[in-house]
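Subject: Structure handover

Hello,

Here is the structure I promised to pass on. My notes on it follow below.

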Amino acid sequence: MPVQTIADVDLSKKNVLVRVDFNVPLEGGKVADNSRIRAAVPTIDYLVKRAAKVILLSHLGRPKAQKNLKYSLRPTAQELSQLLGRPVIFLEDCLGDDVQGTIAEMEPGSVMMLENLRFYAEEEQNDREFAKKLAAYGNAFVNDAFGTAHRAHASTAGVPSLLPIKVAGFLMQKELEFLGNRTANPERPFTVILGGAKVSDKIGVIDALLDKCNNMLIGGAMAYTFHLAQGKKIGNSLAEKDRVADAKAALQKADKKGVKILLPVDSLATDTLNFETRTVGAIKTVSEDIPDGWQGVDIGPKTIQIFSDTIENSKTIFWNGPMGIFEVSACAQGTFAAAKAVARSKGISIVGGGDSITAINKSGFSDKIDFMSTGGGASLEFLEGKEMPGVAALSGGPHK
Ligand code: AMP
């Protein structure tokens, strides 16, 4: 059954529980990156305009079922208030009489945020009684938290199963549209760019996207596991020896399907890397075979050229994962070049994963990207074709 969205139902004057993903980085008690909060504003604004009482649910970090104020959502409520230009009531607990009392007294069109759901173990256990207590606050449910939709928790699966109206918010709708339809029926050529540390994290998505894309560009440390599969030398580069068979299988599948897998033809390599101080020793460009004592830390200039040309000539692009150790500025060129090429391309560009989004933001091209997924792990699981409990829970009637 297709998922209904917020625009398909009448939520005016209702008490609407909205699951948002305000799991944002904090620094000195302030929100360090408000992108996830900004991304939820259209849904909240829409409900405010319809005089709904908006009750926001979220988690932040891993408080391990303790009321640890290091993980309080209070700073996110303050940030949201600034973004909305209106007060946001913050409640210090997600359960208790205070919540019911405040909802009863709230003006229609006002916004309330409950404290971190993960202060209770019951949230991640998808505890029925806990879900019932939360569901009792509202008569409709909106899920705008794509980033947690791959988990069956009380606020993602339990609460919607108890309410008659449960729909996707605008952000969730966009995630499903871009990661779903646009990659399932892409305009071609469809190029996938994958990077980051581990093949093991991404083998599922590699396999699934080989069924859909025309080109797959692989950078980051992942590429060295593929190089091992091709019998190349990788020096001291990071690789997963136990995943070489997976890399070989992916190369064979690509061959069969006529998908081009492009691996680095050169790398930037260093003899010493100190990640703590973000410094490197000697650095040089090396060919596909990396000499002993040297570690590949970024894609090289020829690869940058080949990858950029392929990206710029694509009609659909999906990018996840950095091309090198981009946290160290000497190793960040490949990742920024990818960001630039994705931004320059006239095709539909979809970027997923924290690191790639950070790189896009730092490169100053974020306004040129069609869609930046807030999902992280959830985006990859969705692209793999796995069922998402938080999405599945938006279909079907209530189970009392
Ligand atoms: P992931 O979480 O799998 O997307 O991996 C992101 C991490 O991969 C970043 O912290 C990068 O520093 C790291 N990474 C990318 N390229 C390399 C490389 N060549 N060697 C070691 N780590 C890398």
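The buried residues of helix H6 are Ala 154, Ser 155, Thr 156, Ala 157, Gly 158, Val 159, Pro 160, Ser 161 and Leu 162. That is nine of nine, so H6 (residues 154-162) is mostly covered. Buried means under 20% relative accessible area, exposed over 50%, and partly exposed in between (1.4 Å probe, protein chains only). Helices (H or I, at least four residues) and strands (E, at least two) are DSSP runs, numbered from the N terminus.

This is a predicted model, where local features need pLDDT of at least 70, side-chain atom pairs count only at pLDDT 80 or more, and totals for chains, interfaces and linings use all residues. Residues are numbered from 1 along each chain as its sequence is written, and side-chain values use heavy atoms, with hydrogens and water left out.

Domains

Ten residues of domain 1 are in contact (heavy atoms within 4.5 Å) with nine residues of domain 2. About 840 Å² is buried between the domains, and carbon and sulfur atoms give 58% of it. Phe 146, His 150 and Glu 175 supply 56% of the area that domain 1 buries against domain 2, more than any other three residues. Buried area here is the accessible area (1.4 Å probe) that two parts lose on being put together, summed over both.

Pockets

The search ran on a 1 Å grid over the protein atoms alone. A pocket is an open set of points with protein on both sides within 12 Å along at least five of seven lines. A cavity is a set of points where a 1.4 Å probe fits but cannot get out. Lining residues have an atom within 4 Å of a point. Points are joined across faces, edges and corners, and a volume is the space filled by probe spheres set on them.

The largest pocket holds about 840 Å³ of space. It has 25 lining residues, and Ser 35, Arg 36, Ile 357, Ser 373 and Thr 374 are the closest to its centre. Helices H1 (35-49), H7 (170-184) and H13 (354-363) and strand E19 (371-372) each supply at least two lining residues. H1 gives the largest share, six residues. Both domain 1 and domain 2 contribute at least three residues to this lining. By class, the lining has nine nonpolar, eleven polar and five charged residues. Ala, Val, Leu, Ile, Met, Phe, Trp, Tyr, Cys and Pro count as nonpolar, Asp, Glu, Lys and Arg as charged, and the others, Gly among them, as polar.

The second largest pocket holds about 500 Å³. Of its 29 lining residues, Gly 196, Ala 197, Lys 202, Pro 322 and Asp 355 lie nearest its centre. Helix H8 (199-210), strand E16 (295-299), H13 and helix H14 (377-383) give two or more residues each. E16 gives the most, with four. Eleven nonpolar, twelve polar and six charged residues make up this lining.

Cavity

How many cavities of 30 Å³ or more are found in the whole structure? The search finds one. The volume of the largest cavity is about 40 Å³. Residues lining the largest cavity include Ile 193, Leu 217, Phe 307 and Met 323. Helices H11 (301-312) and H12 (333-344) give two or more residues each. H11 has the largest share, four residues. The cavity lining has nine nonpolar, two polar and no charged residues.

Single residues

Ala 168 lies in strand E8 (residues 165-168). Ala 168 is buried, at 1% relative accessible area. Beyond neighbours within four places in sequence, its contacts include Val 3, Ile 6, Val 142 and Leu 394.

Most residues other than glycine have a negative phi, and most peptide bonds are trans.

- The peptide bond from Arg 188 to Pro 189 is cis, with omega near 5°. Pro 189 sits in the loop between H7 and strand E9 (190-194).
- Lys 64 has a positive phi of about 55°. Lys 64 is exposed, at 70% relative accessibility, in the loop between strand E4 (53-57) and helix H2 (74-84).
- Ala 65 has a positive phi of about 60°. Ala 65 is in the loop between E4 and H2 and is partly exposed, at 33%.

Best wishes

Terms used: Domains from an automatic or database assignment.
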